[in-house]
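Biologist: Before we talk about packing, please put the model on the screen, and then I will ask about its helices, its sheet and its core.

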Amino acid sequence: MKPLKLAFSAFGPFVERQEIDFTVFEGAGVFLIHGETGAGKTVILDAMTYALYGKSSGGVRGELAAMRCQFADESQLTEVLFEFELQNKRYRFTRGLKIRKKRDGGLEYLPQQDAFYYEEGAGYVPFFENPRIRDVEEKAQELLGLGYEQFIQVVILPQGKFERLLLAKSEEKEKILVRLFRAERWQKAAELLCRQVNEQKRALEQKQVAVQQGLAQFGCADLETLADLLAQKQENLLEKQKQQQALLGQWEQQGQQLQQAQVIEQVFCNLEEKEKQWKRLQLRQLEMKELEKKLGQAKKVQQVLPLYERWRQEKERAAQLQKRRNDLLGQYMTLQEAENTWKEKEAQLEKGRASYEKMQETLKQNELIEKQYSQMEQAAKNQAAAARACVSWQEKLEQCSVRRQRLQQEREHALQAQQLALVEFIAKIPEYRQKCAEQESLLQAAKEREQQQQELVQLQEKWEREKQRQTELQTASETLEQHYQEALHHQMEETAKRLAEQLQEGGPCPVCGSCHHPAPAKGGYTASKDDVEQLRQETAKAREAFLLSKQAAQTVAEKLQQQREQYQGGESADSFSASQYHFWQKMLNIAQAEEAKRDIYEVVVAFCSEQLQRCQLIEEQLQRSYQEAQQKKAEAERQFVQVSAQAGGDLPDLQKLRTAIEWQRKETQKFEQQQQQIRENLETYKLQLEGNAASEKILQQELEQAEKHAVAAQKAWEQKLAELQITWREELLQEQVSSDVVVTMERTLQDYQIVCRSCHQALMEYQKKLAHIVRPNVEQMEEELQELHGQYLTCAQTVSVLEEELQRANTVLRKMEKELAWLREQEAAWQQDQMFAHMLRGDTGVSLQRYVLGVMLSSITAEANKMLQKVHDGRYRLLRTMEKTGRTRKAGLELEVFDRRTGMRRSVASLSGGEKFLVSLSLSLGLSAVVQTGCGGIQLQAMFIDEGFGTLDESSIADALQILAQIRHAGGMVGVISHVHVLKENIHSGIEVSKYHHGSELKTIL
């Protein structure tokens, strides 16, 4: 986060609107906010935290209403505005108090808040339509990645809470670092891995349950029982297969016997069917005789019926022709009436022909007058166009002349600038280049000096690590030596005990020769020879490691001393000045730019000369075009005068003339259209009357012919009735049958006769064939065969079930064997995954998240230690300890200091007030440096420190200033709030807070 702007009004002791532009302090790095006690320096920090979180920087000032200025007028609004930049995006947070009058006349202050983001072309756009207090605070936390507590511990360090990060407990540090470095993803990764391991375990358990369920289907608890069951099922299968083969043979034999019996039974059934069919045929004899009689009558009707149909059709045709003739006569009368009507209209139209001819003559005269008008209008237009063309060419000619004069001025100016180029700057380019090279050489020397200093710090840290390792190895060697001596002593005691066990009263002692043994040694601690030897080897290895560590520490110390002497004896890089470097670089750029300008002026002169030539050519062309336009204008004026003279001066009004012409054209056109329509209609009716008369004549002839045909057809019909001696005419028409029915009747009689003959013949053959054969009992044989087939199917089904069960069991057995082998492999892999996942989660030690945070904290302490080298001659160094603290007993985030004077470590709480301030300052700046390197997910480009310098002596203040001076090189921004006069003398940029009787005011000092 990089602050851009802070503004507030009627806030704290400030009445009028105050604005702070933080961008002016970017080059300074450190700026001072100073003023008298109570002037309102801390209010600046309060304005930031109120705008973002709605709370003061110290958290003790209450709501925003408590911060309203007591000197402000009732109508003046309390407002706080804070703008900042984050990841190249700009944001604005505002808070204020809306004033509302109560019913009792008092005032009520209602809080208002809002949050905006900047968008190109649209300005600041609000995040919310109706924001609540919680919405704005959550948006600030979302953007910055810091809650209120983390913000005042990392960005704004208020009074009395500056040392909070240094002295914070392990859990509190973890929350801050997790926020800053987005480290929750590591814990989430560990938790995800644990969930995956648990899912893997559940999957394995489900697989095991599936295996047990698969075995339980066969009633088996393990694979051995399932194998025994398979062997038993195989024996049962063989027995059932033999039984199935026997039943199959019996079933096939009885099936053949049944087929023979079914053939004989079918013959008996055919005989019975033929007997029944013969009886049915005998019963239909009367029906067939009646059908034969009806067939004779139908054939007679078929002979007469065509003649009757012809007579009827001829009568109907004659009636239709008569009707059509009557219709034509009616149409002829209608057409005659319509023709007479149009003839009357034609007579009326002829009466108005004289008016029509007179109107035509008037129309021709009016059109001639209109043509004269058109010629005059065209001549006037030509005259106006020629005048406009003259004016246009004259304007272009004047513009070209102006452009030519401007080009001449530009060319003269470029020639003067080319001649008066800054020769002084151009001549000094070699000198400026030499100065820049000298400054770059000094800059390189300063960088090398800084690199040497960093190498010194690294060697110092390496020497301290070697010294610490030397101490640890020495302690371990001494401990092992002590254990070895104790084990050797116990071994001697064990040897004495064994000798004492062999001593007898009166017998000489193999050690001292005495025959009296009043106090023989007794049993105690036992130490084997191998244990003593192992301890001796471990002691020797530890001693050797200690000597090697001591030698390594001595080597590092010598190299450190050599590097220190080289650094102290080297040239100082203090002569390098960034302002001087930028000054000479700027002067060189100006000189080179002036040199480039001289070349540009040469190009400008050439360009202007070329354009002048082109401009002169264009001006000549424009002059010729202007003269031609003048000639065209004179010609157009002459034509206009000539046309006006021809038209004369007594022309009527043009608008009325055109209206009259239009009306006359419409009336003449209307007369011609009516005349044409009447002629066309009369011609049409004449043609229709002629056609009607011709059609009526043709229909009369057809009618006469149709009547003759009807009379002839009637005679033929009556003659045929007489030949067939038929007198029942009405019954004949009712008894008429179609030819298809007649054919069907004939076919029915023929089929009946054929079936009778065939049935009688087949009946005789069946009776002859079955004369000496006994009819078998097919149903009983079928029942016996069905029963035998059922036994066979039952046996086959049993065999199929046994085969399927045996195959399924074999499949399950093979599958279970593979799955159990796979489960054993997966169980071993799961145990390793579980151990790894629990280790990452921290169940058995330091979690992955805390490990990463420990690495980050080590980087922070390393940055802080670089700054602590300037404090008290590098006496203190911050170290991360692995001591377990807190309720969860987690390690890795506690801090302690190493005191070089004592060579010991101790708690950070044991530091004095001034020492805590300097160490906390270094830690906070180190935190900011590490976060800005990109290791974390949050950008901290600014920090504000409220007081704390008053507890320091002059030497400590000097150390603090050296720490703050490093901010300029890091590119960050630190605002210091203090009333200490020494800081004002050393930090020139800042904000001065002045206190008056009517309130406080701000003033920016650069």
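Modeller: The axes of α1 and α2 come within 7 Å and cross at roughly 105 degrees, where axes are lines fitted to C-alpha atoms, for helices over the stretch in contact, and angles run from 0 to 180 degrees between N-to-C directions. Helices (H or I, at least four residues) and strands (E, at least two) are DSSP runs, numbered from the N terminus. This is a predicted model, in which local features need pLDDT of at least 70, side-chain atom pairs count only at pLDDT 80 or more, and totals for chains, interfaces and linings use all residues. Residues are numbered from 1 along each chain as its sequence is written, and side-chain values use heavy atoms, with hydrogens and water left out.

Biologist: How are α1 and α2 oriented to each other, roughly perpendicular or roughly parallel?

Modeller: Contact (heavy atoms within 4.5 Å) is made by A51, L52 and Y53 of α1 with V136, E137, A140, Q141 and L144 of α2. On the crossing angle, under 35 degrees counts as roughly parallel, over 145 as roughly antiparallel, 65 to 115 as roughly perpendicular and the rest as oblique. The two helices, α1 and α2, are therefore roughly perpendicular.

Biologist: Which strands stand at the edges of the sheet?

Modeller: Strands count as paired if DSSP finds at least two bridges between them, and six of them form an open, antiparallel sheet in the order β2-β1-β4-β5-β6-β7. Two strands have a single partner each, so one side of each is left without a neighbour in the sheet, and these are β2 (18-21) and β7 (123-126).

Biologist: How many bridges join β5 to β6?

Modeller: Strand β5 covers residues 89-101 and β6 covers residues 107-119, and they run antiparallel. Within this pairing, I99 has Y109 of β6 as its bridge partner. The number of bridges joining β5 to β6 is 11.

Biologist: Which residue in the turn between β6 and β7 has a positive phi?

Modeller: The strands β6 and β7 pair in the antiparallel sense over four bridges, with Y118 opposite Y124 in β7. They form a hairpin with three residues between them, and the turn residue with a positive phi, of about 85 degrees, is G121.

Biologist: Which residues touch the most other members of the largest nonpolar core?

Modeller: A nonpolar core is a set of buried (under 20% relative accessible area, 1.4 Å probe, protein chains only) Ala, Val, Leu, Ile, Met, Phe, Trp, Tyr and Cys residues joined through side-chain atoms within 4.5 Å. Of the 92 residues in the largest one, those touching the most other members are F22, F93 and F949.

Conventions. Buried < 20%, exposed > 50% of the residue type's maximum accessible area, 1.4 Å probe, protein only.
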